[in-house]
Amino acid sequence: MDNRVPPRATGPGPRRRDRHGRGMRGPIAPPQVPLAASRAEVFADLVQDSVDRLERRWPQLADIDFLVVEVPRLDRPGQPWSDEAVPLGGTIASRDGRRARVVVYRRPVEIRTKGRDERAALVHEIVVEQVAELLGLTPETVDPRYGED
């Protein structure tokens, strides 16, 4: 009976962990399971859920692009630093053939919320406020349940 360990190969190449001949480890969860979704993907889903809710009432929202950006850019060229609060969302009006856009900033929203339900409520408020600004309406007109907890 030979219990000797074979010598380690010396050469370039990736170092792999292959204990007991079981092969490489796989992902923790299959891609279909919500556990496999990143925080950014989950946040984008919250924004899309809010947009879907509003599109039933306002079909013209199909002409607006909704974007999720990590953080707002606060250091614009030629403008000094300001001490204003960090924005949670913003709008970009349509021009030069480009569609209007609603932007939701992910990291500031995540920092201000504790759980998924609170985050979903804040995302919906932001989307409603930005859509109201683009359409020139009040948030209560865009969503009659705006401001209710």
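Among the contacts in the protein with a separation of 6 or more, 59% are between residues 24 or more positions apart, where contact means heavy atoms within 4.5 Å. This is a predicted model, in which local features need pLDDT of at least 70 and side-chain atom pairs count only at pLDDT 80 or more, while totals for chains, interfaces and linings use all residues. Residues are numbered from 1 along each chain as its sequence is written, and side-chain values use heavy atoms, with hydrogens and water left out.

The secondary structure comes to four helices and three strands, which follow the pattern α-β-β-β-α-α-α when read along the sequence. These elements are DSSP runs numbered from the N terminus, with helices (H or I) having at least four residues and strands (E) at least two. The protein exposes about 11600 Å², of which carbon and sulfur atoms supply 50%; accessible areas come from the Shrake-Rupley method with a 1.4 Å probe, and for residues only the protein chains shown count as cover. Of the 149 residues in the protein, 24% are buried, a term that means under 20% relative accessible area, whereas exposed means over 50% and partly exposed lies in between (1.4 Å probe, protein chains only).

**Salt bridges**

Side chains of opposite charge can pair when their charged atoms come close. A salt bridge is taken here as a side-chain nitrogen of Lys or Arg within 4 Å of a carboxyl oxygen of Asp or Glu, and by this rule the count comes to five salt bridges. The table gives some of them.

| Pair | N to O distance |
|---|---|
| Arg53 and Asp143 | 3.7 Å |
| Asp65 and Arg99 | 3.0 Å |
| Arg106 and Glu110 | 2.9 Å |

The side chains of Arg53 and Asp143 meet in a salt bridge. This pair links distant parts of the chain, with Arg53 in helix 1 and Asp143 in the segment after helix 4 (139-142), 90 residues apart. Arg53 is partly exposed, its relative accessible area being 35%, whereas Asp143 counts as buried at 8% relative accessibility.

A salt bridge also joins the side chains of Asp65 and Arg99. This pair likewise links distant parts of the chain, since Asp65 belongs to strand 1 (residues 64-69) and Arg99 to the loop between strand 2 and strand 3, 34 residues apart. Asp65 is partly exposed, with a relative accessible area of 27%, and Arg99 is partly exposed with a value of 40%.

Within helix 2 (residues 106-112), Glu110 and Arg106 are four residues apart, and they are therefore separated by about one helical turn. Glu110 is buried, with a relative accessible area of 10%, and Arg106 is buried with 7%. Salt bridges that share partners join Glu70, Arg106, Arg107 and Glu110 into one network.

Leaving aside neighbours within four places in sequence, Pro108 is in contact with Glu70, Val71, Pro72, Val86, Pro87 and Leu88. The C-alpha atoms of Pro108 and Val71 are separated by 6.8 Å, although these residues are 37 residues apart along the chain.

Ser50 lies in helix 1 and is buried, with a relative accessible area of 4%. Not counting residues up to four places away in sequence, Ser50 touches Val123, His124 and Val127.

Glu41, Asp45, Asp49 and Asp52 gather in a patch of negative charge on the surface. Patches are made of residues with over 30% relative accessible area and no salt bridge, like charges being joined within 9 Å. Glu41 is found in helix 1 (residues 39-55) and counts as partly exposed at 42% relative accessibility. Asp45 also lies in helix 1 and is partly exposed, with a relative accessible area of 44%. Asp45 and Ala120 are 75 residues apart in sequence and 9.6 Å apart in space, C-alpha to C-alpha.

Asp96 has a positive phi of about 50° although it is not a glycine. The place of Asp96 is in the loop between strand 2 (89-92) and strand 3 (100-105), and Asp96 counts as exposed because its relative accessibility is 77%.

Note on methods
Patch = residues over 30% accessible without salt bridge, like charges linked within 9 Å, V, L, I, M, F, W, Y side chains within 5 Å. Lys, Arg positive; Asp, Glu negative; His and termini not counted. Charge placed at Lys NZ, Arg CZ, Asp CG, Glu CD.
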